[in-house]
Amino acid sequence: MLEIARDIKEKHFRRLYLLYGSEDYLRRQYRQKLLAALVPEEDTMNMTRFSGKEADVSAIISQAETLPFFAERRVILAEDTELFKKGSEELATYLKDLPDYLVLIFSEKEVDKRTRLFKAASKAGHAADFSPPDEKTLVRWIRSRFSEEGKQISGDAAMHLLSSVGTEMSLLDQEMQKLTAWCAGKESVTKGDIDTVCVSKTENRIFDMIRAITQHRRREALDLYYDLLALREPPMRILYLMFYEYNRLFQIGALSDEGVPQRDIASRLGIRPFAVSKAKEILPYYPQKKLKEILEFIAGLEEDMKQGRLDDKLCVELAITKLSEQE
């Protein structure tokens, strides 16, 4: 990413850019920066777009071989073609000797680095990996974005935003825009502002519900459940997510008992480190034996629900009532 930014700043462009990775927001941002720097928006003669996995390699090459019309360069953007996932010998061969006037931009969610095409693209230009940033990077980005708007946000509040909204940058961007408007006239963004304005993911509401159950706050847990129903979450999905959260607690507890560090636990389970931190807040209430009993209890309720022996809405209410009982 830094290399692309430097190329744009110095106006010294390579013949090929391959933007790849699952962080769509960042890929879109850098794609637009490249296009804005390379070709005027009104110049439709020297800019060609290809999109989708049906994109034809021969057509891409044909356009690449067409001289620019009264311009310095011809720009081709190819998105989501899956060419770098399945490979293309024809395109890999062509990339060995690209015309001086050409700038090829590929934007792909998935690539196979073992293919000849990926290796040829990396050699012909620059391949930039747009994988999801880690939490520290996202916190810096959040704080920087608010700073640009003349507002401050603490590191704790930025982490609270991540915990509430998730780590998808496009969704974070939308929520930060809403927060900026909400906090007009204020110098800082607080956790309270985030709780008031931002949409909390269903998984976060489920975890909050489990935390209330853990602390025997039955009324609060039921209110959270009714909120989810009001948001049209099916009871079956809510029960499934309860099982998922308790099962994740069980896995985190087992790995913690083995002495596995928090970051390694996150890596093994494919979750964010802050999710492990949240889980560890309530793990002291749950010995592994108790968690196993809870999982068996929820699995039994799910079977009753599927077989029609219990009403689905009542089934989740029963789970919350039973699990929040004082022992």
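Residues are numbered from 1 along each chain as its sequence is written, and side-chain values use heavy atoms, with hydrogens and water left out. Because the model is predicted, local features need pLDDT of at least 70 and side-chain atom pairs count only at pLDDT 80 or more, whereas totals for chains, interfaces and linings use all residues.

Let me begin with the sheet, where helices (H or I, at least four residues) and strands (E, at least two) are DSSP runs numbered from the N terminus, and where two strands pair if DSSP finds at least two bridges between them. The sheet is open and has 5 strands, ordered β2-β3-β4-β1-β5, with parallel pairing. At its edges stand β2 and β5 (126–129), each with a single partner strand, so one side of each is left without a neighbour in the sheet.

Strand β2, residues 47–51, pairs with strand β3, residues 74–79, in the parallel sense over 5 bridges, and here Ser51 has Glu79 of β3 as its bridge partner. Between β2 and β3 the chain passes through helix α3, residues 57–64, in a right-handed β-α-β crossover, meaning that, with the strands pointing away from the viewer, the path from the first strand over the helix to the second runs clockwise. On its other pairing, β3 is joined to the parallel strand β4, residues 102–108, by 6 bridges, and Val75 stands opposite Val103 in β4. Helix α3 packs on the sheet, touching β2, β3 and β4, and its direction makes about 165 degrees with that of β3; contact here means heavy atoms within 4.5 Å, while axes are lines fitted to C-alpha atoms, for helices over the stretch in contact, with angles from 0 to 180 degrees between N-to-C directions.

Turning to the helix pairs, how do α8 and α9 cross? The axes of α8 (residues 155–165) and α9 (residues 169–182) come within 11 Å and cross at roughly 120 degrees, and the two helices are therefore oblique to each other, given that angles under 35 degrees count as roughly parallel, over 145 as roughly antiparallel, 65 to 115 as roughly perpendicular and the rest as oblique. From α8, Leu161, Leu162 and Val165 make the contact, and from α9, Leu171, Leu172, Glu175, Met176 and Leu179.

Helices α11 (residues 202–214) and α12 (residues 218–230), by contrast, pack at about 160 degrees with their axes 8 Å apart, and are therefore roughly antiparallel.
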